[in-house]
Amino acid sequence: MPTGVHLRDARQQLFDAAERVLLRDGANGLTSRAVTDEAGCAKGVLHRHFTDFDAFLTDLVLDRLTQLDTQASALRESAGTGVPADNLTNALISLFGPIPVAIIPLITFRDELRARLREAMPGGGIAILAQAATAISAYLSDERELGRIAADADIDSLTLSLVGGGHLLFTDRDSGPPATAAVHKFVTAVIADAMQRRPA
């Protein structure tokens, strides 16, 4: 990497390189050397912009969480439109895309990263899952307010089931992410009772 590269460009190149390493080699393969080798730059470039590797990983996760905000907002805005099961299916597919799913074990296995994320944001220790839970809970609450799901629906339990079950559906799959039909079947089963008891 030539000297004088703008900080923002260097950070983005390193973040993009880290994503490629994560997707190819998993959390165990993500080292500072692997990132700089993937980015095609000297190891010192990473340490010039970040105090240590955990600081780099913290900023990487926070940057990717900002990208997920757009998907979370789209789910919230879909309340009152379409079919709730379709909206939730699309949201799970977005929120548990390849990069978020790859980041979750990284957070799980790095104690220092979890600690720094907790300092940086509420619920940061389980960042991706917390963001998914917040988005889904807000959406379900809006749908309940609109009368599209039962007034006594237990939003917390529905959210936990959708996020926890959704995470399991999308992780540790050598054959790739689950088919849309499989996700839709799961979502429909979780919300079936709340949908059946909604006002006529």
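**Salt bridges, pair by pair**

Asp52 and Arg116 form a salt bridge, with the closest N and O atoms 2.8 Å apart. This is a predicted model in which local features need pLDDT of at least 70 and side-chain atom pairs count only at pLDDT 80 or more, while totals for chains, interfaces and linings use all residues. Residues are numbered from 1 along each chain as its sequence is written, and side-chain values use heavy atoms, leaving out hydrogens and water.

Trainee: How many salt bridges does the structure hold?
Mentor: Start with what counts: a side-chain nitrogen of Lys or Arg within 4 Å of a carboxyl oxygen of Asp or Glu. Asp16, Glu19, Asp63 and Arg64 are even linked in a network of them. The number of salt bridges in the structure is 13.

Trainee: Back to Asp52 and Arg116: how many residues apart in sequence are the parts this pair ties together?
Mentor: Helices here are DSSP runs (H or I, at least four residues), numbered from the N terminus. Asp52 sits in the loop between helix 3 (43–49) and helix 4 (53–77), and Arg116 is in helix 7 (residues 111–120), so the parts tied together are apart in sequence by 64 residues.

Trainee: And Asp111, is that buried or exposed?
Mentor: Asp111 pairs with Arg114, closest N and O atoms 2.5 Å apart. The two are three residues apart in helix 7, so about one helical turn separates them. Buried means under 20% relative accessible area, exposed over 50%, partly exposed in between (1.4 Å probe, protein chains only). With a relative accessible area of 53%, Asp111 is exposed.

Trainee: What is the relative accessibility of Glu143?
Mentor: Glu143 meets Arg148 in a salt bridge at 2.8 Å, N to O. Glu143 counts as buried, its relative accessibility being 0%.
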